[in-house]
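Please examine the sequence and the structure shown below. The report that follows then takes up selected parts in turn.

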Amino acid sequence: MGSIQLKSVRKAFGAVSVINGVDLDIKNGEFAVFVGPSGCGKSTLLRLIAGLEDVTSGQILIDGQDATDIGPSKRGLAMVFQSYALYPHMSVRGNIAFALKMAGEKADVIERKVSKAAATLNLTDYLDRKPRQLSGGQRQRVAIGRAIVREPKAFLFDEPLSNLDASLRVQMRVEIGELHNDLKTTMIYVTHDQVEAMTMADKIVVLDRGSVAQVGTPLELYNRPNGLFVAGFIGSPKMNFIGGAPAAKRGAATIGIRPEHVAISTTDGEWPATVRLAEHLGSDTFVHAEGDGLGPLTLRLEGEAPLKPDQRIFVTPREANLHKFDKDGRRID
Amino acid sequence: MATQQTSAAARVLVAPSVVLLFLWMIVPLAMTLYFSSLRYSLLDAENIGFVGLQNYTAFLSDPDFTSALLNTLILVGSVLAISVGGGILVALLMDQPVFGQNALRLMVIAPFFVMPTVSALVWKNLLMNPDSGLFAWIARSFGLEPVVWFTNYPMLSVIIVVSWEWLPFASLILLTALQSLDEEQKEAAQLDGAGPFSYFFYIVLPHIARAITVVILIETIFLLSVFAEIYVTTGGGPGVATTNIPFLVYKEALLNFDVGSASAGGIVAVVLANIVAIFLMRIVGRNLEG
């Protein structure tokens, strides 16, 4: 079991309000990702759930029971820190066993659980090494191992991949995803990287300045963002926002169109534009263009598009994929 | 090629300072060794001559030497225990956020800046004096008999004075070590269910072990040669109760005017310091590796 509910949770540091009343329901076994720009309060929210910070007001329920005033070690949650926070003077074995030792488990039980966790994470050969003798990815796995042995109700990850290089990050992302499939334990994962959020999550919680902007599955957020903030945050490259006449024509203050949802022609189309730069990725081409009277546009074309800087093009949005927003930035259906 | 030339040039360039440092060390050592083999009393300066190891046998077989050796070890050991043990506690306290933190830290470190003679005099005349000292006044206001510190508990008194001087040093070094402890490790330990004592013994103590080693090594070097505090307070007495090896050497040289015996004592002190250093490096030195 491992359902987590937040009821109008607020957190203020002195006069500065960091979390402004968050209601959230994370079901047992769900992989929830908190995502948002830096300073949006996502890490604070995770620390509130972990019990490392006290809520200013509101309630945190774990498995339906009020855990607001329970200490961090008694909540039955395990956390993986951004810096891994491994104990440097202990071996990998010592690190993984520490929580069990603190819980007063017997030596043979500890040994069995540590071996099992090490086998799951391919750490068996490294059990007697010190953290400083490990690579970044191995340290990351030790940190996860330390969390696994406690058999927690939920795992909390605080930007765990941000210290890894790009290829390792992709690999660890897959490993964490597989781990979730194996363990079926609730996981809450904090990241500022919307790609991680989109690829891993069952449920994404987009946070904006201490409030929940939108909660939904990755595709719900992609297809039906409820406002300008979520629309701009989810998706890479970013959605193009266009105001003025083209928006007014469609009865909106702003319209948004994702770079991949346009048709490009060299002869005719709705928005004339000039190519500034074409990035050829092989599978895709990202075109940065300047729309006449529209400002910068980012366009994504499949395959290799033979476009060059200063070339004149015409961009036509696909009406079905157009997002409309009113003057307060809310979605219009 | 280039690196070879560079390293050859580097050797030539550092040579003058290496030579100077070598002479700086070797000349006094050689002279002390030379004097230690002479019959050389300032009271009988006409009669100087080579006596071989006689000064050493005389110095080492002197009953005062055994007690001085013991006193030295007691003094060093006690002050180390007090300053490291107390230093950890003070450092833990100073690591807590309090109002006026900087002023407080300055006050804690202050005794270290007081020169040994002055702090010894302060303790002797203002604090431990049985007639006019603060401790005597406190004792009397409770209707107790004042303690005559330097007469009845000479070694303990010297240990207190020297510990007072070295506690701030230990506290400061250990405080900086504590402050370098990663906050996330504390939180990880908290989540792992470590209470304050487990946290201290499993996380904090191993983290500051290296700093403790440094404190012990540095303090030992200085504590083996404590002199001013003894000279100012007890003068090595009563009897030889607070005479340590440096003080014994001083007595030989400048009270008995026996340069030969004092030089032998000096060499013995050097050997002793090296023995202590080897033991220390064996015991605590491995903390400095890695």
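## The contact between the chains

In this predicted model, 15 residues of chain A meet 13 residues of chain B. On the side of chain A that touches chain B, strand 6 (77–80) and helix 2 (92–102) of chain A each supply at least two residues. Helix 2 of chain A gives the most to this side, namely three residues.

The side of chain A that touches chain B can also be described by residue class: 12 residues are nonpolar, three are polar and none is charged.

## The largest nonpolar core

The largest nonpolar core contains 142 residues. The residues with the most contacts inside this core are A:Val33, A:Ile49, A:Leu156, A:Ile188 and B:Leu174. Helix 8 (residues 154–179) of chain B gives the most to the core, with 12 residues. Because domain 1 (4–231) and domain 2 (238–332) of chain A both give residues to this core, it lies between them.

Leaving out residues up to four places away in sequence, A:Val33 touches A:Tyr189, A:Thr191, A:Ala197, A:Met200, A:Ala201, A:Ile204 and A:Val205.

## The two domains of chain A

Chain A is divided into domain 1, residues 4–231, and domain 2, residues 238–332. The C-alpha centres of these two domains of chain A are 37 Å apart.

Where the two domains of chain A meet, five residues of domain 1 are in contact with nine residues of domain 2. The side of domain 1 of chain A that touches domain 2 of chain A comprises three nonpolar and two polar residues, with no charged residues.

## A loop residue in chain B

B:Thr243 belongs to the loop between helix 11 (228–233) and helix 12 (245–255) of chain B.

Apart from neighbours within four places in sequence, B:Thr243 is in contact with B:Asp64, B:Ser67, B:Ala68, B:Asn71, B:Gly236 and B:Leu248. B:Tyr231 is 12 residues from B:Thr243 in sequence, and the two are 9.2 Å apart in space, C-alpha to C-alpha.

## Confidence in the model

The model has an ipTM of 0.78 and a pTM of 0.77. The average pLDDT of chain B is 86, and 97% of the residues score at least 70. Within chain B, confidence is lowest in strand 2 (residues 49–50), at a mean of 80, and highest in helix 8, at 91. Where pLDDT is low, predicted coordinates should not be read in detail.

Note on methods: Residues numbered from 1 in each chain as written. Chains lettered and ligands numbered in written order. Predicted model: local features only at pLDDT ≥ 70, side-chain atom pairs only at ≥ 80, totals over all residues. Contact = placed C-beta atoms within 7 Å. Helix = DSSP H or I, 4+ residues; strand = E, 2+ residues; numbered from the N terminus. Nonpolar A, V, L, I, M, F, W, Y, C, P; charged D, E, K, R; others polar. Core = buried A, V, L, I, M, F, W, Y, C linked by C-beta atoms within 7 Å. Buried ≥ 20, exposed ≤ 12 C-beta atoms within 10 Å, placed from the backbone. Domains from an automatic or database assignment. pLDDT = per-residue confidence, 0-100.
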